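Notebook open, model loaded. I'll jot things down as I look them up.

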Amino acid sequence: MRQLADDVFQIALTPRDGVNAYLVGDTLVDAGLPPHGKRLAKQLGGKIQRHVLTHAHGDHAGGSKNLKAALGVPLLVGARDAQAARTGVPDTKLGAFGRVTAGFPGVEVDTELHEGDTVGDFVVLDTPGHSPGHISLWRERDRVLVAGDVFFNMSIFTTIPGLRQPFGPFTLDPELNRQSERKLAELEPSLVLLGHGPPVTDAAAKLKAFVATL
Ligand SMILES: [Zn+2]
């Protein structure tokens with residue numbers, strides 16, 4: 001675990017920050033692929049009170065079922081991704097193929113989240129596009145933003161870091177996602193934490209430059 005800000009830790013689940021989860025206060029954000037759930041439960045037992053998903057795709061919600069079974073913590077999911085979380089069947093542009101490849105073990109959802117809800121000392125922001133119910137978590141006092149897959153900060157083919165659009169075939173509505181990218185850039189965050197790639201530091205300028213190219 002790597003500390004990035006006050007009470008904020010990155011848990012890199014694969015090499016080169018390929019798949020990330022985050023511990024923010026006593027909340028686990030995302031749980032990686034199915035094999036990662038038990039590992040996270042062992043690592044975080046006693047430390048977490050709840051588990052939040054940025055969105056219901058198999059590389060974020062894959063470990064959730066095992067984690068919840070091991071630790072008994074409630075699961076919180078953006079309202080429009082709750083059904084995908086329960087069934088393990090996400091909506092993607094790839095149709096049946098995408099539903100299988102981005103699918104995961106369905107898991108019981110305890111709370112459906114909406115814009116303005118709070119999770120610990122973070123506020124929930126609706127950031128749809130990559131998935132219908134994708135959410136981000138924002139802490140204004142030190143401008144920390146956990147933004148899931150609204151942006152990628154690496155190429156999944158070369159693993160070279162750098163801001164880019166999320167993987168196209170799994171991004172249901174790219175135009176809606178671009179609106180979410182602009183919404184997050186306007187916050188002028190100092191630190192942005194993503195599902196894929198290293199933390200984005202000095203993020204306000206980088207996000208501003210990125211969305212200017214859209
Ligand atoms: Zn992802």
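How many residues of strand 11 are buried? I count 5 of its 5, so to speak mostly covered, with buried meaning under 20% relative accessible area, exposed over 50% and partly exposed in between (1.4 Å probe, protein chains only). Strands here are DSSP runs of E, at least two residues, and helices are runs of H or I, at least four, numbered from the N terminus.

Housekeeping: this is a predicted model, where local features need pLDDT of at least 70 and side-chain atom pairs count only at pLDDT 80 or more, while totals for chains, interfaces and linings use all residues. Residues are numbered from 1 along each chain as its sequence is written, and side-chain values use heavy atoms, with hydrogens and water left out.

Entry, strand 11. I checked which way the residues face: Val 144, Val 146 and Gly 148 point one way, Leu 145 and Ala 147 the other, and all are buried. Strand 10 pairs with strand 11 in the antiparallel sense over 3 bridges (two strands pair if DSSP finds at least two bridges between them). Trp 138 has Leu 145 as its bridge partner. The hairpin of these two strands has 4 residues between them, and Arg 143 takes a positive phi near 60° there. Strand 14 (residues 191-194) runs parallel to strand 11, joined by 4 bridges; Val 144 is bridged to Leu 191.

I get 6 strands in an open, mixed sheet, order 8-9-10-11-14-15. Strand 8 (118-119) and strand 15 (200-201) are at the edges with a single partner strand each, so one side of each has no neighbour in the sheet. Helix 5 (residues 174-186) packs on the sheet and touches strand 9, strand 10 (135-139) and strand 11 (144-148), contact being heavy atoms within 4.5 Å.

Entry, Asp 17. I found Asp 17 in the loop between strand 2 (8-12) and strand 3 (20-24). It counts as buried because its relative accessibility is 18%. Beyond neighbours within four places in sequence, Asp 17 contacts Gln 10, Ala 12, Met 154, His 196, Gly 197 and Pro 198. I also looked up Pro 166: 149 residues from Asp 17 in sequence, 15 Å in space, C-alpha to C-alpha.

Technical notes: Axes fitted to C-alpha atoms, helices over the stretch in contact; angles between N-to-C directions.
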